[in-house]
Amino acid sequence: MQECEKLYNKLIDKIKSYHPATDLSLIEKSYELAKNAHGSQLRKSGEPYIIHPLCVALILADLELDLESISAGILHDVIEDTEYSFEDLKQMFSEEIANIVSGVTKLDKFTYSSKEELQAENYRKMFLAMAKDIRVILIKVADRLHNMRTLQYMSEEKQKEKAQETLDIYAPLATRLGIFKIKTELEDLCLRYLNPKAYYELAEKIERKKTEREDYVEKIVKEISQKCKEADLKCEIYGRPKHFFSIYKKMLNQNKTLDQIFDLFAVRIIVNDIKECYEVLGIVHEMYKPIPSRFKDYIAMPKANMYQSLHNTLIGPEGVPFEIQIRTWEMHKIAEYGIAAHWKYKSGNKNIKETAEEEKLTWLRKILEWQRDLSNKEFMDSIKTDLDAFSENVYCFTPTGEVKSLRYGSNPIDFAYSIHSAIGNKMVGARVNGKIVTFDYVLQNGDRVEIITSQNSKGPSMDWLKMVRTSEARNKINQWFKQNNKKENIIRGRELLEKEAKRKGFNYFDIATQDAIKKVLERYGFRDWDSICAAVGHGGLKDGQIINRFIEEHNKETNKNKTAEDIIKETTEIIANYGISEESVFKKSKDDSGVIIHGVTGIEVRMSKCCSPIPGDEIIGFITKGRGVSIHRTDCINIINLSEDDRKRLIDANWNFNNKSKEFSAGLRIIGEDRLGLLVDITRIFTDEKMSLTNINARTVKNEVIVDVTLIISNRTELEYIAKRIRGIKGVYDIQRVTT
């Protein structure tokens, strides 16, 4: 435990370096409890588990957080992994600390019907806790950072899974909160595990020219320092290398090699006030030629996370471009620590600045306004879309001069709903820069947008759902349809469910048991049964999906007392009744289908082409006449619309995840901006990931490019990963799963 004591002493020294209080008994008490609670638990590395919470606490101390935050960081795994409860921490410490630890705790101890549901519920819990106390997410991000630092001890599959989740959620969260100090390290670690070849090649090439680059930066720093001194401006100037992930993204997006990217570093200038920022800008513009259209004034128009700085790219000595960043010390503190900067101990006041918290968490609070009405999938899509879109924003003005930050590709409908739901719902037209524009006009930076409304408006159109680019607008439009037709939708939904159950040979009230209803609510992430019925009524859910789930639960209840021999016998009889010989079904050869039918391996199966299921999809088998069993997704339209007689041919099917050698065909439809080079950017990703394509087709429809690709993959996770990479291409609006 010698290493633990060293880490603990390092933590105490770090806290003392910025915290004026001498009483650190809270930290000592937290450490003693965590050390005893985790006891002999070990990490994957073989180290004592207590090292992990201590390292998390050190990361929080590096952000100079308050004592309660660091205490909760030390205790963050106690409720989840030891015998101590929320009430125990509340009594031993405080309700404040217990609430923070509870907010960080995952829901693994609860039962969910799929990994996706568990993930969605964990994020719901985390974001709700985060809205109450921002320290929850600061600890969660610190926790993820240390886990990423020690990811080498996990399996390769787990490394990629954690790295992708970090790139999707935690790195963008750090960006949203303005904690660039953590964001850049997270992104580099993600690249290291998601694309190790690219990471290490990049590291090697950058290291080769390190000395040459440092000499070049030093020359620029000296020249600017001399000019600022002559102008009697006191400032700090230094070179800052760009992190690997940002270089990697630039190489991909611009289709360039490392040798073709010159601005691999930025020169940062920190001054005392805003006036001096612009004075220094004038000095460097006199010294070096600025590149047109690269100037960004984030002081006049701060980013949504309150980041402020002046950015420009200049042509330096020998014609080599470099980036310049100019900011004040206060701006620099916010840029490095983000919202965490407001939690620093200041004159005994440990409360976060209310305005800063509200501004930084506006996006989250908007999502939480409607999250209760969203299914798990809709909730996860909203979170990922909002986080993913943050780096590619356009800034537009209201007629009064207020700045609105929107996702790249947004239109006036998105703008209207960003102001208020009532504005969007009453919208009948829009003017941009004084001219009437269509609803699908793509907003540009600096546009002045005026929304035309009318009290006689009948509300949004369903067509708007196909046009909007922001999850906020999409969710508010859906919310309008749900609320305005809720009673009718509930009645219609119930009627559709009863009718569908009858069509499939079941009495609705026999299969709609409390247990079955509970399973459906968990599966689709709704809070009550009326919401499910309303979703079915307005088309958000298909009646066949719900009834299929009811029938599945009903069959499980009916079959729970059957033995494996009973199931095999019954399966054999069913198949025999449909004219399939036992020899053609139960093959003696090695099973390579990747699917287990009704608990029996070896059955002759084939993947249906109507829905192209892949491992990770929810599936069901259909006994065909003479061709074995075809495997479909449970949401396949052909399965949902089966006749009563054909429903008898359905048989339970599950993926055989032990069979990892099987390959599957999957289709993606990519919709994007009609721009030069988009198709090249898309195909380059498939080349980089060494993905096998069997078909690619591109066409232009109404100023949009539609690219259909068919690729060979192993599972759904792989498909989602490649879709995520494509979604990051500039100009890509949407990606849809299609049949092959």
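Thr-166 has a relative accessible area of 0% and is buried. The model is predicted. Its protein chain has 34 helices and 20 strands. Of the 740 residues in the protein chain, 51% are buried. Among contacts in the protein chain with a separation of 6 or more, 67% are between residues 24 or more positions apart.

**Thr-166 in helix H10**

- Helix H10 spans residues 156-176, and Thr-166 lies in this helix.
- Thr-166 counts as buried because its relative accessible area of 0% is under the 20% cut-off.
- Leaving aside neighbours within four places in sequence, Thr-166 is in contact with Arg-144, Met-148, Ala-171, Pro-172, Leu-186 and Cys-190.
- Arg-144 and Met-148, two of these partners, belong to the H9 side of the contact between H9 and H10.

**Helix pair H9 and H10**

- The axes of H9 and H10 are 11 Å apart, and the two helices pack at an angle of about 145 degrees.
- The crossing of H9 and H10 is left-handed.
- On the H9 side, the contact is made by Ile-137, Lys-140, Val-141, Arg-144 and Met-148.
- On the H10 side, the contact is made by Lys-162, Ala-163, Glu-165, Thr-166, Tyr-170 and Leu-173.
- The residues in the contact of H9 with H10 are 6 nonpolar, 1 polar and 4 charged by class.

**Helix pair H7 and H9**

- Helix H7 covers residues 95-104 and helix H9 covers residues 135-149; their axes come within 9 Å and cross at roughly 50 degrees.
- H7 is therefore oblique to H9.
- The crossing of H7 and H9 is right-handed.
- From H7, the residues Glu-96, Ile-100, Gly-103 and Val-104 meet Arg-135, Val-136, Ile-139 and Lys-140 of H9.
- The contact of H7 with H9 is made up of 4 nonpolar residues, 1 polar residue and 3 charged residues.

**Lys-140, a residue of H9**

- Lys-140 is found in helix H9.
- Lys-140 counts as buried at 9% relative accessibility, because that value is under 20%.
- Lys-140 is among the H9 residues that meet H7, and Lys-140 is also one of the H9 residues in the contact with H10.
- Lys-140 and Val-104 are 36 residues apart in sequence, while their C-alpha atoms are 6.1 Å apart in space.
- Val-104 is one of the H7 residues in the contact with H9.

**Arg-669 in strand S17**

- Strand S17 (residues 664-673) holds Arg-669.
- Arg-669 is partly exposed, at 27% relative accessibility.
- The side chain of Arg-669 makes a polar contact with the side chain of Asp-708, at 2.7 Å.
- Not counting residues up to four places away in sequence, Arg-669 touches Arg-699, Ile-706, Val-707, Asp-708, Asp-734, Ile-735, Gln-736 and Val-738.
- Val-707 is 38 residues from Arg-669 along the chain, and the C-alpha atoms of the two are separated by 5.7 Å.

**Ala-516 in helix H26**

- Ala-516 is found in helix H26, which runs over residues 514-524.
- With a relative accessible area of 2%, Ala-516 is buried.
- Ala-516 touches Ile-511, Phe-550 and Glu-553, not counting residues up to four places away in sequence.
- The C-alpha atoms of Ala-516 and His-554 are separated by 7.7 Å, and the two residues are 38 residues apart along the chain.

**Loop residues with positive phi**

- Asn-433 is a residue other than glycine with a positive phi, near 55 degrees.
- Asn-433 is found in the loop between strand S9 (427-432) and strand S10 (435-437).
- Asn-433 has a relative accessible area of 46% and is partly exposed.
- Ser-612 is also a residue other than glycine with a positive phi, here near 45 degrees.
- The loop that contains Ser-612 lies between strand S13 (605-607) and strand S14 (619-623).
- Ser-612 is buried, at 5% relative accessibility.

Definitions and conventions:
Residues numbered from 1 in each chain as written. Predicted model: local features only at pLDDT ≥ 70, side-chain atom pairs only at ≥ 80, totals over all residues. Heavy atoms only, no water. Helix = DSSP H or I, 4+ residues; strand = E, 2+ residues; numbered from the N terminus. Buried < 20%, exposed > 50% of the residue type's maximum accessible area, 1.4 Å probe, protein only. Contact = heavy atoms within 4.5 Å. Axes fitted to C-alpha atoms, helices over the stretch in contact; angles between N-to-C directions. Parallel < 35°, antiparallel > 145°, perpendicular 65-115°, else oblique. Left-handed = near helix turned anticlockwise from the far one by under 90°. Nonpolar A, V, L, I, M, F, W, Y, C, P; charged D, E, K, R; others polar. Polar contact = N/O pair within 3.5 Å; in protein donor to acceptor, adjacent residues only side chain to side chain.
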